[in-house]
Structures are given as structure tokens and as C-alpha cells.
Amino acid sequence: MTDLHLPLDRGAGRLAAQIAAGFRAAVRSGRLTAGTRLPSSRDLARDLQVSRGVVVAAYEQLTAEGFFIARRGDGTRIAPLARPDDTAPEPPAADPAPAALPSCDIPPDPGVPYDLWPSQPDLSAFPRERWIAATRAALRTLPSEELTYPDPGGVRPLRTELAGYLGRVRAAVAEPGRVVIMNGVAHGLSALVRLLLADGHRVLAVEDPTSVRQVPMLEAAGIRLAPVPVDRDGLDVAALARTGARAVLVTPAHQYPTGVVLSPARRAELIAWARDVDGLILEDDYDAEFRYDREPVGCLQGVDPDRVVLLGSVSKSLAPALRLGWAVAPPALATRLREHRGHTDLGAPVIEQYALAEFLRSGGYDRHLRTMRRRYRARRDALAEALAAFLPRAAVRGVSAGIHLYVELPSGCDEDAVLARAAASGVSAAGAREMWSPGRAADAPPALVLGYARLAENHLVKAAELLGKAVTEGTEG
Ligand SMILES: Cc1ncc(COP(=O)(O)O)c(C=O)c1O
């Protein structure tokens, strides 16, 4: 490979991220094509006058994201992600047997001493002062005319700030015209499923296990759900292909609830599947801001923005109460989503949108995330260590990320009985069984899903001790 041009701004820092961004842009523009062999990390480091570790980090990141393929003896090459041609193949008949998924997700009463119910960030850490400042700044500058019904796709300043943020932090292909503001991931999904139905889709493939909260919402829209097994590499794409579905909902950065990351090979298979069936991938990026052991893997949408809709929100990063989220969609679909909002609810609250735009612009969001990442990492480590001590026969699955842990209990444990004993001692947690489809729940290892974001380390240690007792009491005599 000869004319590799990777501009670096040495004053801006994060050289590995800059190199990765340069490669992504070169692949997207077609400047680097599938199969192209890349220089060795040593050679590229010498050319760019950076340390070899910087290039290795960039190569590892791009391999994890599916842009590169590394094979022993063959070096590193650009993955086969070349643009598909325009002739879409006939879609397969989509009519799998209906397979119901569980349908309730009722949080426990508030006031439980050790509340490990998953999916909630640390609400006590909401940056009230900075949010007030952002709201005040927004209100001071907002022209009165803006207080009318908004653009149903979201106010321009927020779409612009989000496009910049998602491009920078999630390696998304996001310009303001692709961004549609929604009231959270849930709202984005509901709307998209209705558009899919209008396009003739009858089935949506979902991960198995999956977030039970979304199931009734998706079913209410009238789409049939086809559960697809998840293993340690994420969604089983061969099984997905057998469902006949042409749309799938996935959590590639941190599968909910198992916590695994979609492997580079599976990412490539999933994109290839979407192209083969002329399909659509709905990427739920619900907690991707929080990865503790390395840089987060860039979003799948950045690999093929014509086949993937990226969905995200501030529910895990700030607070679910804001009900602010986004969809980043191919332009034609973004237009339809915007129209859908125009036909259904006339758009999101304007002052909150301007406040979030200001919060992003001023760097407040980045600062808050840095603080929360440190805090959550310490909490996750404390809980994982305490579980190893008090529940040595249990296994924490998944990567170091997010705000929940998936803990497999010793085989033979009765999940419900453990939960009941834990509740009696003041610990609330979610069982994993209801997150599996009925067909697989019986064989799924007993497991708990523990949200650790809201408890200080010492409380997490105590909660782990009580959980340990709840498990051992059931296995003794
Ligand atoms: C995996 C997953 N995706 C999406 C959502 C919904 O998030 P939002 O508040 O953005 O609608 C949740 C909520 O708990 C979730 O757990």
C-alpha cells in the first residue's frame, strides 16, 4: 500500500483515535478497498513518527469494529466491507413460527436498602447545576419564535451537536440531516417498527436473551418477534438468517443483558446478512458511553450507515426522566421518521432540546461522562470482587462496561428462590430467566442481572455478601 495519507494533529492528542478516524474515512470513501494489506504497525509508526503502541491501539480498535481483519501469517487487511451493488436480491419468505418472549419488567418498590435493579444510572449524580446553567443559557439566547411547534425531527442546534458528538465518540456517520430527535431509544424503536410494518416487514429478529421492557412495546406495534440466540460472540448471525426476518434489533457494543460484545467476525457477518437480504439493522447503543477496560468499540452504523440505524439516548448517561434520545438513519428513512413525528406527536420539548445542545456544546456532557465513568468503574470492580469472594462458584459474564453485571449462578440454583431470599434480606435484583424466550429459558443457566450504578462500593460489598447467603442457604442441606 503506497499512498496512505493520514493527517495527524499532534497538538490535539489522542493520536490512536486520530489514526483510526483517518482509516475509517479512507474505507468509507473507497480510498482503501476490501482486501488491501495494511503496513505493519512498526512501519506505519515509523512513517507517522508515532510510537508503535499508538498504531497497535488504532489497529486493535479497527479490528474490533470490523474495518480490519488480522490473520496470523497474513498481516492486517481491510475487511470485505466494499459497497454493495444496487441490485437487491429477492427477500426470502419471512414467516417463522411465532415465538413469544416474556413481557413484564416491573421494578421493585423504591426504598429497598440494596437496590440492584438494573438499567438505572446514579440519579443522585445528575449534574443539576450544570443543567440549570445550560437551560439558562438556552433560554437567554432562544428567539421567541422558537417557542412555537418545533421541527418534528428535532431542533437544528441539537441535531448538529449530536452529529458532531456521535461522529467523534461513536465513530458514527452522522450529519444533522440523518439525526432525528426521539423521546429515547424506546420511542425510536416504536416509530421505526411502525415504518417497517408499513414497508411490509412482518418479523423483527431480536436477541435472545433480550431487554424485557422492549418486548411488549414492540409487540404492541403489531410486529412478530423472532428470538435469535446470543453466545459469547454476540448474536448468532447464521441463526438470524434462518428466521427469514429482514430487520433485527441488536445491542452490539454491550449486549443486554449478557454484557458480551459482538465480535469482529460477527459484525462483518451481520453487515453481510443485511446486504444479502436487503435488510435493516437497528443498533441499540443504550450504554456505549461506559466502557472501562478500553476505548468503546465504534458503532456498527459507522461501518454501513445505509443498513444500520443507530439509536441512543441520555437515559443511562444523564437520566431517563429527560426522555431525550436520537435515531441516526439513512437520509430517506430519517425523513420518514421526522414525518412520523410530525404526524403523531409534533416533536420533542424545545427548551430541553436547546439545553442538551448547550450541554454538549459547552463540554458539560463530556465532563459528566468522564466523572461517571470513573465512578461506575470503581463500583463495578467493587461488586465483581465482592461476588468473587462471597459467591466463588458464580461467574460474572461480559466485558467491563455499562451499568449492570450478568452473573451466572452455580448450576442447579433456583433463580426465583435466590431472588426471594435476597429480597427478604433487603436486596433487589432481576432474574435473567424472564429475559430469555420461553423456548430457551428452561436450559438457560440461572443468572442475575445486577445494576450497580446507584450504590457506593461499601454497599455493593454488603449486597454481594447478602446475595452470597441467599445462594448458599438454598444449596445447603
Ligand atoms: C437495552 C435497553 N435499550 C433501551 C432502553 C430504553 O431506553 P430509553 O430510556 O432511551 O428509551 C433500555 C431501558 O432500560 C434498555 O435497557
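Tutor: Start with terms: strands (E, at least two residues) are DSSP runs, numbered from the N terminus. Two strands pair if DSSP finds at least two bridges between them. This is a predicted model: local features need pLDDT of at least 70, side-chain atom pairs count only at pLDDT 80 or more, and totals for chains, interfaces and linings use all residues. Residues are numbered from 1 along each chain as its sequence is written, and side-chain values use heavy atoms, without hydrogens and water.

The sheet is open and has eight strands, in the order β4-β11-β10-β9-β8-β5-β6-β7, with mixed pairing. Its edge strands, β4 (179–182) and β7 (234–235), each pair on one side only. β10 (residues 308–313) and β11 (residues 325–328) run antiparallel, joined by four bridges. Glycine 312 has tryptophan 326 in β11 as its bridge partner.

Now the ligand. Around it are 13 residues, of which Val185, Asp284, Ser313, Ser315 and Arg323 come nearest (near: a heavy atom within 4 Å). By class, this shell has four nonpolar, five polar and four charged residues (Asp, Glu, Lys and Arg count as charged; Gly is among the polar).

Polar contacts are pairs of N or O atoms within 3.5 Å. A ligand oxygen atom lies 2.7 Å from an N or O atom in the serine 313 side chain. A ligand nitrogen atom is 2.9 Å from an N or O atom in the side chain of glutamine 214. At alanine 186, a polar backbone atom is 2.9 Å from an oxygen atom of the ligand. The protein covers 95% of the 400 Å² of accessible area that the ligand has on its own (Shrake-Rupley method, 1.4 Å probe).

Methods: A polar contact is a pair of N or O atoms within 3.5 Å; within protein, one must be able to donate a hydrogen and the other to accept it, and residues adjacent in sequence count only if both atoms are side-chain atoms.
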